[in-house]
Amino acid sequence: MNDRPVNDRTRTLRLAAVNIDGVLLEDTFSPLIHRFVTRRGGTYSADVERSVFSQRQVDAGRALAAAVPREMTGEEALAAYFEERAAYLADRPVAVTDGAEALLRRLGAAGLDVVCYGGLAKSHFDEHLGRWASLFTPPGYICTNDVRPGLREITAHFGLRDGQVLFIDDVARVAEAARELGAPFVGHPSAFAHSHQAGLMRLAGVRHIVPDLGHIDGELLRTLDAEAAAGTSWQAHAMS
């Protein structure tokens, strides 16, 4: 990792869109969903993650219900999940990821606008990241629950073209959507022991996968900008 500061501004990239849960905030979804499924006799798998992660809540609820052998509706599964989530977070509060503030400052120093996005309401952003609101470009946070994964909508909101927005996310399904758009992407998959996201990202052809936010440094941003300018963000990793 190169620790030198960003001394030059990106030329092609204009916006960094950074996922909230799993990137700027520590991953609480993977362990909760794993526990939800396995405690009800289901098998936790890559297919379960694909069907639940970065989906609309209504669709995620149906997928959770389908992942367990007991009879549940999607609405019942979603209600049970959020009840368990509240109890889980009472003992293990949501925490900001190490290096989150420094990353936001590096992105800004590179001349990028910065926006946060995710599937929960803006109040989730305000509660946990509101202290750094000045580091984000208005509106600061975009809820993508109704338009999952929401990459086109984020790009359009800022009046940009595909390839001008860098997406940083922890879910392979978002990477696949970025690949379809030719959008630069950095993967920060969960370190949870049972997570399948790192492997799914490699299968999707993600070129830049980082174990911590400090690896998204000036050198990597310049590389991403050069790839975006050349239109090669995904070319070398096209799936056969």
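## Helices α8 and α9

Let's start with a pair of helices: α8 (residues 172-181) packs with α9 (residues 197-204) at an angle of about 15°, and their axes are 8 Å apart. Axes here are lines fitted to C-alpha atoms, for helices over the stretch in contact, and angles run from 0 to 180 degrees between N-to-C directions. Helices are DSSP runs of H or I with at least four residues, strands are runs of E with at least two, and both are numbered from the N terminus. The two helices, α8 and α9, are therefore roughly parallel to each other. As for the wording, angles under 35 degrees count as roughly parallel, over 145 as roughly antiparallel, 65 to 115 as roughly perpendicular and the rest as oblique.

On the α8 side the contact is made by Ala172, Glu176 and Arg179, and on the α9 side by Gln197, Leu200, Met201 and Ala204 (contact means heavy atoms within 4.5 Å). Sorted by class, the residues of this α8 and α9 contact are four nonpolar, one polar and two charged. Ala, Val, Leu, Ile, Met, Phe, Trp, Tyr, Cys and Pro count as nonpolar, Asp, Glu, Lys and Arg as charged, and the others, Gly among them, as polar.

## About the model

This is a predicted model, in which local features need pLDDT of at least 70 and side-chain atom pairs count only at pLDDT 80 or more, while totals for chains, interfaces and linings use all residues. Residues are numbered from 1 along each chain as its sequence is written, and side-chain values use heavy atoms, with hydrogens and water left out.

## The sheet

Next, the strands. Five of them form an open sheet with parallel pairing, in the order β3-β2-β1-β4-β5; two strands pair if DSSP finds at least two bridges between them. At the edges sit β3 (141-143) and β5 (185-187), each pairing on one side only. From one strand to the next, the twist averages 20°.

Take β1 (residues 15-19) and β4 (residues 165-169): they pair in the parallel sense over four bridges. Alanine 16, for instance, has leucine 166 in β4 as its bridge partner.

## Around helix α4

Helix α4 (residues 74-91) has packing partners worth a look. The axes of α3 (residues 57-66) and α4 come within 7 Å and cross at roughly 95°, so α3 and α4 are roughly perpendicular to each other. Gln57, Gly61, Arg62, Leu64 and Ala65 of α3 make the contact with Gly74, Ala77, Leu78, Tyr81 and Phe82 of α4. By class, the contact of α3 with α4 has six nonpolar, three polar and one charged residues.

Helix α1 (residues 29-39) also packs with α4, at an angle of about 125° and with the axes 10 Å apart. That makes α1 oblique to α4, and the crossing of α1 and α4 is right-handed. Here Phe29, Pro31, Leu32, Ile33, Arg35 and Phe36 in α1 meet Ala77, Ala80, Tyr81, Glu84, Arg85 and Tyr88 in α4. The α1 and α4 contact has nine nonpolar, no polar and three charged residues.

## Aromatic pairs

The model has six aromatic pairs, counted when rings of Phe, Tyr and Trp (its six-membered ring) have centres within 6.5 Å; planes under 30 degrees apart count as stacked, over 60 as edge-to-face and the rest as tilted. One of them is phenylalanine 29 with tyrosine 81, a stacked pair at 6.4 Å centre to centre with 25° between the planes. Phenylalanine 29 lies in α1 and tyrosine 81 in α4, so the pair ties together parts that are 52 residues apart in sequence.

## Backbone details in the loops

A cis peptide bond joins proline 138 and proline 139, with omega about 10°; proline 139 is found in the loop between α6 (122-129) and β3. Arginine 148 and proline 149 are also joined by a cis peptide bond, with omega about -5°, and proline 149 is in the loop between β3 and α7 (151-157).

Serine 54 has a phi near 55°, a positive value in a residue other than glycine. You'll find serine 54 in the loop between α2 (46-52) and α3.

Terms used
A crossing is left-handed if the near helix is turned anticlockwise from the far one by less than a right angle, and right-handed if clockwise.
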